[in-house]
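Here is a short report on one protein model. Please look over the sequence and the fold before reading on.

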Amino acid sequence: MLPGMRPAGIRGMMAVMNGKPLPGEVPSGAPRQRRMFQSDPGAPTAGQLDAEFDRLARQAYVGVRDDVLDPEVAFDLACLLLKWGPPDPLAGELAERSAEGTDRERIADLARQVLAARFEPGFDLEPVLLERLEQALEVVTVDLEATGLEGPVRLVITDWHDPPHAYAEFRGVWGTAGGTSPADGAAPLSALVAIAGDLQEAVMEALWGTVWPVCPGHNLGAHAREYENAAVWWCNGDGGHVIAAIGHWDRLAGALPRS
Ligand SMILES: [Zn+2]
C-alpha cells in the first residue's frame with residue numbers, strides 16, 4: 001500500500017481547451033471546434049497505482065536486498081511516489097541519483113529508506129519469515145499438549161491483509177485478532193510471542209468459554225509477551241510474574257485449561 005496516494009481526483013482532471021470559439025457559436029463550415037472539460041482518461045485509478053507501486057517496490061526491495069538494484073527501477077519508483085504521493089525529499093533525491101545512475105551505493109541506500117517507510121515484504125519475498133512462524137508454532141504446540149489439549153494445529157495464510165498474514169488454526173478455527181504479520185517473523189523471539197498470542201486466540205475461539213493457558217498459581221489467563229529477552233507466558237497476578245517460558249509449560253504441574 002502507498003500511504004498518501006489518492007485516485008486521480010482533482011489532479012487528474014484535465015481541462016482541455018481546443019481553439020477559442022465565441023461563446024455559444026460554432027463557426028459553420030469551419031472544422032468543428034469545441035470546448036472540452038474532461039477527466040484525463042490516462043490517469044490511473046487507486047487500484048492501478050497500488051499495483052504499480054507494489055510491482056516496483058518488490059523489484060526495488062529484491063534489488064536492494066541482493067545488491068543488484070537497477071537504477072531504472074529505482075527511478076520509476078521515485079517518480080511514481082513524487083507524482084502521486086505526498087512530498088518526499090528522499091524520493092526526490094532517489095529520482096535524481098538514479099537518473100544519474102552513477103552512485104549505486106547511495107541509490108541503494110535511498111531506495112532502502114524509501115521502501116522502509118512504505119513497503120513490508122511478504123512471505124513470498126521472504127520465506128524465512130514464514131519458516132520462523134512455523135517453528136514458533138511447533139514450540140507453542142508443546143505448551144498446548146502440556147495443558148492437555150490436542151490439535152490439529154497449523155498456520156493458514158490469508159490475503160485479507162497486504163502483505164498476507166498467517167493465522168494459527170486450532171481444530172479448524174482461527175482467532176479474530178488479525179493473525180500474525182510477516183514482520184513478526186523477523187526474529188525467533190517476536191515470532192514466538194506473536195504466534196503464542198495468535199494460537200491462544202484460536203484456542204479460546206474454538207473452545208468457547210475456555211481460558212487458555214491459565215496460571216496455576218492465580219487461576220488467571222496468561223498473556224504471551226517478551227520479558228528479559230525471552231518469550232514468556234505472563235500472569236498479572238500479584239503484580240505480575242512469569243509463569244513459564246513459551247514452550248516450557250510442561251515444567252509446571254496442574255496447568256490445565258479452565259472451563
Ligand atoms: Zn499467576
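Which helices and strands do the buried residues of H7 pack against? They pack against helix H6 (127-146), strand S3 (153-158), strand S4 (165-170), strand S5 (173-174), S6 and S7.

## Basis and overview

This is a predicted model; local features need pLDDT of at least 70, side-chain atom pairs count only at pLDDT 80 or more, and totals for chains, interfaces and linings use all residues. Residues are numbered from 1 along each chain as its sequence is written.

The protein has seven helices and eight strands. Helices (H or I, at least four residues) and strands (E, at least two) are DSSP runs, numbered from the N terminus. Of the 259 residues, 33% count as buried. A residue is buried if 20 or more other C-beta atoms lie within 10 Å of its own, exposed if 12 or fewer, and partly exposed in between, with C-beta atoms placed from the backbone. Among contacts with a separation of 6 or more, 52% come from residues 24 or more positions apart. Two residues are in contact if their C-beta atoms, placed from the backbone, lie within 7 Å.

## Helix H7

H7 has 19 residues. From first C-alpha to last, H7 reaches 26 Å, close to the 27 Å expected at 1.5 Å a residue. The expected span is 1.5 Å times one less than the number of residues. The buried residues of H7 include Leu192, Ile195, Leu199 and Val203. Asp198, Gln200 and Glu201 are also among them.

## The S6-S7-S8 sheet

Three strands form an open sheet in the order S6-S7-S8, with antiparallel pairing. Strands S6 (223-227) and S8 (241-245) stand at the edges, each with a single partner strand, so one side of each has no neighbour in the sheet. Neighbouring strands are turned by 50° against each other on average, direction ignored. Helix H7 (residues 188-206) packs on this sheet and touches S6 and S7. The direction of H7 makes about 170° with that of S6. Axes are lines fitted to C-alpha atoms, for helices over the stretch in contact, and angles run from 0 to 180 degrees between N-to-C directions.

Five bridges join S6 to S7 (residues 230-235). Four join S7 to S8. Two strands pair if DSSP finds at least two bridges between them. Glutamate 226 has alanine 231 of S7 as its bridge partner. Cysteine 235 is bridged to histidine 241 of S8. The hairpin of S7 and S8 has five residues between the strands. There, aspartate 238 takes a positive phi near 55°. Aspartate 238 is exposed, with 10 other C-beta atoms within 10 Å.

## Helix H2 and its partners

H2 (residues 46-65) has 20 residues and reaches 28 Å from its first C-alpha to its last, close to the 28 Å expected. Its buried residues are Leu49, Phe53, Leu56, Ala57, Ala60, Tyr61 and Val64. Seen down the axis of H2, they fall within an arc of 145°, so they line one face of the helix. The arc is that of the directions from the helix axis to the C-beta atoms. On the other side, Gly47, Gln48 and Ala51 are exposed.

Helix H3 (71-84) and helix H5 (104-116) are included in what covers the buried residues of H2. H2 and H3 pack at about 145°, with axes 9 Å apart. The contact involves residues including Leu49, Phe53 and Leu56 of H2, and Val73, Leu77 and Trp84 of H3. Aspartate 67 follows H2 and has a positive phi, near 60°.

## Loops and backbone exceptions

Most residues other than glycine have a negative phi, and most peptide bonds are trans. The bond from glycine 151 to proline 152 is cis, with omega near 10°. Proline 152 is in the loop between H6 and S3. The bond from aspartate 162 to proline 163 is also cis, with omega near 0°. Aspartate 162 lies in the loop between S3 and S4. Aspartate 162 is exposed, with 11 other C-beta atoms within 10 Å.

Arginine 171 has a positive phi of about 50°. This residue sits in the loop between S4 and S5. Tryptophan 174 is in strand S5. With 19 C-beta neighbours inside 10 Å, tryptophan 174 counts as partly exposed. Tryptophan 174 touches Val156, Tyr167, Glu169, Ala202 and Glu205, not counting residues up to four places away in sequence.
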